[in-house]
Amino acid sequence: MLAVILAAGHGSRLMPLTKEIPKPMLKINEKPFLEYLILQLKRDGITDILICVGHMSEKIIDYFGDGSIFDVKIKYSKSKIMGTAGELKNAENILKNHDNFIVMNGDSIFDVNINELIEFHEKNNSIASVCLRKIKDVHRYGAVIINDEKMITNFSEKSINGAGLINAGIYVINNKVFDLIPSGTSSIEKDIFPQIINQDGLFGTLKEGFFIDIGTPDDYKRAQNEIKKVVLW
């Protein structure tokens, strides 16, 4: 199955670190963060990868090339900043040839077996399936609400505090999603997932494993010590 990594953002919350380098290329223990995502995919036998690039895209392309040095195959989709769903829409000509595809945020890593998410998605015949993670405080992310059938029914506001389930940034999505994504800028989480919920087509599976989002300076610093928790081979 093809995996898509969303890596086009500016990383404004990490300025000035991202002034001259795109956020996914920030070093974690001497490796670009994006390299850890590629190694995770390779570990799980997923070697066909499409990276959606935008901001300083040449730095990503120059480093990873066609992926052969990592024993994977990498292609690129270039766009201006269009939001997470806009990046997918920009790559529609490639992605529409795949019934289902994996999507990963380029600034977070969740140490799960991605093949289990694929199996879950195919079993439920869903439009999209989301990896969920339980954390102590959902304030930064917002909580995900699921029912007994593991169908996602709502995303709460980020102002809510306390323990709960969050969207951990790894999805399997059916190409039917392109019927819902408009041209231009849009967000998977804010614009598209609510539409899929209305069609009873969004499912979530709770997983355990190390999770970190490097989108803030504190978490970027924490990742330097904790990334070793991810088993990549």
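The model is a predicted one.

Next, select α5 itself, residues 114-124, and display the side chains of I114, L117, I118, F120 and H121, which are buried. These residues lie on the same side of α5, because they cover an arc of only 165° around the axis. In general, an α-helix has 3.6 residues a turn, so residues three or four places apart point the same way.

Now turn to the opposite face of α5. Which exposed residues does the face turned away from the buried side carry? They are E119 and K123.

At the N-terminal end, select N113, which caps α5; a side-chain oxygen of N113 lies 2.9 Å from the backbone nitrogen of N115. After α5 comes N125, and its phi is positive, near 50°.

Finally, select helix α3 (residues 83-90) together with helix α6 (residues 188-198). How are the two arranged? Their axes come within 7 Å and cross at roughly 75°. An angle of 65 to 115 degrees counts as roughly perpendicular, and α3 and α6 are therefore roughly perpendicular to each other. To view the contact, display T84, A85 and L88 from α3 with I188, E189 and I192 from α6. By class, this contact of α3 with α6 comprises four nonpolar residues, one polar and one charged.

Conventions. Residues are numbered from 1 along each chain as its sequence is written. This is a predicted model: local features need pLDDT of at least 70, side-chain atom pairs count only at pLDDT 80 or more; totals for chains, interfaces and linings use all residues. Side-chain values use heavy atoms; hydrogens and water are left out. Axes are lines fitted to C-alpha atoms, for helices over the stretch in contact, and angles run from 0 to 180 degrees between N-to-C directions. Helices (H or I, at least four residues) and strands (E, at least two) are DSSP runs, numbered from the N terminus. Angles under 35 degrees count as roughly parallel, over 145 as roughly antiparallel, 65 to 115 as roughly perpendicular and the rest as oblique. Contact means heavy atoms within 4.5 Å. Ala, Val, Leu, Ile, Met, Phe, Trp, Tyr, Cys and Pro count as nonpolar, Asp, Glu, Lys and Arg as charged, and the others, Gly among them, as polar. Buried means under 20% relative accessible area, exposed over 50%, partly exposed in between (1.4 Å probe, protein chains only). The arc is that of the directions from the helix axis to the C-beta atoms. A polar contact is a pair of N or O atoms within 3.5 Å; within protein, one must be able to donate a hydrogen and the other to accept it, and residues adjacent in sequence count only if both atoms are side-chain atoms.
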